[in-house]
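Morning, everyone. Have a look at the structure first.

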Amino acid sequence: MKSLLREEIKKKRLLLPENEVKAKSIKIVKKLWEIIPKEAEIFMFYAPFKKEVDLLPFARKLLSIGKRVVFPRVSEKDIIPLEIFSLKDLSPGYLSILEPPLEYSRVVKKIDVVFVPGIVFDLHCFRIGYGGGFYDRFLAKQKVRTKIGICFDFQIVERVPRDPFDIPMDVVVSEKREIRRNEWS
């Protein structure tokens with residue numbers, strides 16, 4: 001069931017025109033400015049892959065105002081959270097997704113806000129990713145204050161199939177709405 005839903009929504013996302021991805025991404029970034037905890041200092045982003053919501057301009061802005069920005073680096077089956085100081089630090093890594101170099105980046109132990117990509121989210125803030133379990137393993141081990149799922153509105157369904165190891169988000173944000181876990185749990 002997960003794999004069928006994953007493939008259906010992934011195909012739909014890949015059909016989005018680039019200008020629509022950009023316009024909807026801008027709307028999502030505006031919503032994020034309104035909901036991120038004001039005291040948050042350390043933010044973990046992702047580099048967009050296959051027409052995911054693009055938060056790179058948001059990361060750039062946070063860097064420019066002195067916030068700390070972290071990106072994931074894949075090491076075997078795990079994510080290593082590495083701080084960057086410029087988006088120019090990122091280069092193609094796992095699956096050609098932009099990631100920080102291990103050599104001079106700093107591993108971060110505690111993160112205030114993690115923006116989590118996904119293919120499908122539900123009204124209870126659970127998600128389906130690409131199937132590797134990278135984010136579920138990472139979030140189970142990492143100290144994170146707020147987990148924010150990021151997607152386009154058509155990627156939200158009533159309920160996704162769940163496994164015991166699936167980690168729910170605190171909030172899911174699309175260009176049209178935000179869903180808070182405590183509203184539906």
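The lining of the largest pocket divides into 17 nonpolar, five polar and nine charged residues. Keep in mind that this is a predicted model. How much space lies in that pocket? About 550 Å³. Of its 31 lining residues, the closest to the centre are Pro 117, Arg 127, Tyr 130, Phe 134 and Tyr 135.

Which elements supply at least two residues of this lining? Two helices do, α1 (2-14) and α4 (134-141). So do the strands β2 (68-75), β5 (98-99) and β9 (127-128). One more detail on Phe 134. Arg 137 lies over the face of its ring, at 5.4 Å from the ring centre.

Next, the second largest pocket. About 210 Å³ of space lies in it. Its lining is made of Glu 18, Val 21, Lys 22, Ser 25, Ile 26, Val 29, Lys 30, Trp 33, Asp 54, Pro 57 and Phe 58. Two elements give two or more residues here: α2 (18-35) and α3 (56-64). Which one gives the most? That is α2, with eight residues. By class, this lining has six nonpolar, one polar and four charged residues.

A pair of aromatic rings is described by the distance of the centres and the angle of the planes. The whole structure has nine aromatic pairs. Trp 33 and Phe 58 form one that is edge-to-face. The centres are 5.0 Å apart, with 70° between the planes. Why does this pair tie separate parts together? Because Trp 33 lies in helix α2 and Phe 58 in helix α3, and those parts are 25 residues apart in sequence.

Trp 33 is partly exposed, at 32%. Both also belong to a cluster linked by ring pairs.

About 30 Å³ of space lies in the largest cavity. Arg 13, Tyr 46, Glu 52, Val 53, Pro 117, Gly 118, Ile 150, Cys 151 and Gln 155 line it. By class, that lining has five nonpolar, two polar and two charged residues. Pro 117 is in this lining, and Pro 117 was also named among the residues closest to the centre of the largest pocket.

Technical notes: Residues numbered from 1 in each chain as written. Predicted model: local features only at pLDDT ≥ 70, side-chain atom pairs only at ≥ 80, totals over all residues. Heavy atoms only, no water. 1 Å grid on protein atoms, 1.4 Å probe; cavity = no way out; pocket = protein on both sides within 12 Å on 5 of 7 lines; lining within 4 Å. Points joined across faces, edges and corners; volume = space filled by probe spheres on them. Nonpolar A, V, L, I, M, F, W, Y, C, P; charged D, E, K, R; others polar. Helix = DSSP H or I, 4+ residues; strand = E, 2+ residues; numbered from the N terminus. Phe/Tyr/Trp six-rings, centres within 6.5 Å; stacked < 30°, edge-to-face > 60°. Buried < 20%, exposed > 50% of the residue type's maximum accessible area, 1.4 Å probe, protein only. Lys NZ or Arg CZ within 6 Å of the ring centre and 35° of its normal.
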